[in-house]
Amino acid sequence: MLEKLNSDFEFDILICGGGATGVGCALDAATRGLKVALVERDDFSSGTSSRSTKLVHGGVRYLEKAVKELDIEQYKLVVEALHERSVFLKIAPYLSYQLPIMLPVYSYWKMPYYYVGAKAYEFLAGKEGISRSYFLGKRKALEAFPMLKSDDLVGAMVYYDGAHNDSRMNVAIALTAVAHGAVLANHVEVIQLLKKPRTTLLGHKGFGDQEICGAVVRDTITGKSWTVKAKGVINATGPFSDGLRKLDTGVTTRDIVAPSAGVHIILPNYFSPRNMGLIDPQTSDGRVIFFLPWQGNTIAGTTDSPTTVEANPMPSEEDIAWILKEVENYLDPGIKVRRGDVLAAWSGIRPLVRDPAAKNTAALVRNHMINVSESGLLTIAGGKWTTYRSMAQETIDVAVEKFGLSGVVGGPCVTEKTRLVGTDGWSPNMFIKIIQSFGIETEVAQHLADSYGSNAWAVASMASMTGSRWPIHGKRLSPQYPYIEAEVRYAVRREYACTVVDVLARRTRLAMLNAQAAKETLPRVIEIMAAELSWSKERQAQEYTTALEFLSCMGLHYLENTANLPTEERTYYTRNHFVPEEIASYQREFSKLDYKSDGRIRVKDIGKVLKALGVEDVKTGSVLAKDLTDGKDSLEFGEFLDVLSTLKEKKQRSKFVSSKGAVDYDVITTSRSGGGV
């Protein structure tokens, strides 16, 4: 690809940015017959596009706001997104799927309200809708979602929305663009925009005397730079849009991006059913929390607060604590969601934008914004994953007009019906043939089919033998997850993976699912990639260091920096509540008051034990003990540990949560969030 990019050839369009919008533009333009090049400073979907909530949705909450506020624009956004949801399910059925999402009902008066809302959402989708919504009584709701809090539960409304594997979808769109003739290169950045005296669209309103005719780009891995000629340049760099705009019009150019941080956490799969999500439409501060099964784990989020633009933002402890607290409100009191249960956490930056051409330049646009500068730089920013395709269509329509390409464009947009690579030849049951052909274990075969579609055959053919009777092929990178070594080879050979982070975060999703597990795979992944790409020892060491830095932004930072902390603080970040030394001391104090030697102590003596152990909040501990024993006059050691565990978690989490029960930061309202990511 670099050879094609590094030539004297003039492209019709040069796209900067390899996220969902950028690769969507590349596919749209290429399928119209235009000559397209795309460069991405990092990797495809390395930014916001790999850190979404994983939903493909119209937005139930946004429909509610449209009705309450009689907002026709908000209504149109929901309708558009519902249409695009159906397109997702058609063009990449192996990467996108419908997911039932439960709305728990704890007040009888909300039952008709939720029912009407879900049916209206379903009605707007029309013939493009998916499965129908339905109401569950209390017993059936608890059968479907056993972890749900049962106290005061009336029932639950279940509606369907779309979900997907975001970075794999991004890569599939990029590969489909390449298949249609586009030239794409990751790890290549724009360092200068080239201009010449204007020769096209002279005298048109809004255009100046000069026009952009290409860019100087640099390979971020080798450091080499060269010129790419193009009739027009599209800025699809998301949160980094202002950086490219300043290359065009100078450092004094007013910023249009108002970055918002959306934090998500990953929990073990036992916190949610395998095929049922949960939504809390009204959290303590009015935002929405999703609690969804994803890639064998559970994803919870998101927050929405002002932030700064950086390549790998760090999720704050305040945000993580807020999500944990909100999730607990809907789970059975017997289920404790601890900070140590968080396997990974990440922050994605939503590029909320201001329109520089609007009268009120301080106001944020509702959805997305397209702006063309005097020299012709076309900036597309804002929006959300669900509408990436329609945004790309609108962008290329504008590009054809503003870049003077009407004479070379081959026809209208066809991406609504352009099936992504891996779709043709895929079927829901193809994993069975992969098992039978290669002797790959079931979980791995299902994962390959769901991640690569029909290209799973090519991945499986690269799988090495395990040396065991079963499975015959497919060595796992981590025993906990279905990713295999063959995927590393395939990513390098067929999917433009250039770094370890490309593989662990975007081709596989291990870094997003479990930061510690991803760290443990680093030596083997580096070994495989070094053999494929002929890396030197220095490059291998550099890759290891860079990968650790990235994983620190996925939550590894908290796990790796606890060695010197007091025991109580250290176990806050680990899966185990207590270290062996703590258990031993608890057993000693517990046994002193076990007068009958039956493994139990009296509830009224709990205060004595807590005081002997130096616990500060003895009163709360006594109340917890009474609640746990449910009227009994004694408790066993396991119940005693439950009391101590709750007290420890409460004490540590209180450091990050305000006395009001919510994190102290400014909140970006739903109507300004553009529907999330």
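How many of the five residues of strand E16 (residues 297-301) are buried? Here are my notes; keep in mind that this is a predicted model.

1. Five of the five residues of E16 are buried, so the strand is largely enclosed by the rest of the structure. "Buried" here stands for under 20% relative accessible area.

2. Now look at the two sides of that strand. In a regular strand the side chains alternate between the two faces of the sheet. In E16, Asn297, Ile299 and Gly301 sit on one side, while Thr298 and Ala300 are on the other. Both faces are covered.

3. Who are the neighbours of E16? Strand E13 (residues 257-267) pairs with E16 in the antiparallel sense, over four bridges. As an example, leucine 267 has threonine 298 of E16 as its bridge partner.

4. Strand E15 (residues 289-294) also runs antiparallel to E16, and five bridges join the two. Phenylalanine 291 is partnered with alanine 300 in E16. E15 and E16 make a hairpin with two residues between them. Have a look at glutamine 295 in the turn: its phi is positive, about 55°.

5. Over to the helices. The axes of H2 (residues 20-31) and H10 (residues 388-402) come within 8 Å and cross at roughly 55°. The two helices are therefore oblique to each other, and the crossing is right-handed.

6. What touches what? On the H2 side, the contact residues include Ala20, Gly24 and Asp28; on the H10 side, they include Tyr388, Met391 and Ile396. By class, this contact has seven nonpolar, four polar and one charged residues.

Conventions:
Residues numbered from 1 in each chain as written. Predicted model: local features only at pLDDT ≥ 70, side-chain atom pairs only at ≥ 80, totals over all residues. Heavy atoms only, no water. Axes fitted to C-alpha atoms, helices over the stretch in contact; angles between N-to-C directions. Parallel < 35°, antiparallel > 145°, perpendicular 65-115°, else oblique. Left-handed = near helix turned anticlockwise from the far one by under 90°. Contact = heavy atoms within 4.5 Å. Nonpolar A, V, L, I, M, F, W, Y, C, P; charged D, E, K, R; others polar. Buried < 20%, exposed > 50% of the residue type's maximum accessible area, 1.4 Å probe, protein only. Pairing = 2+ DSSP bridges.
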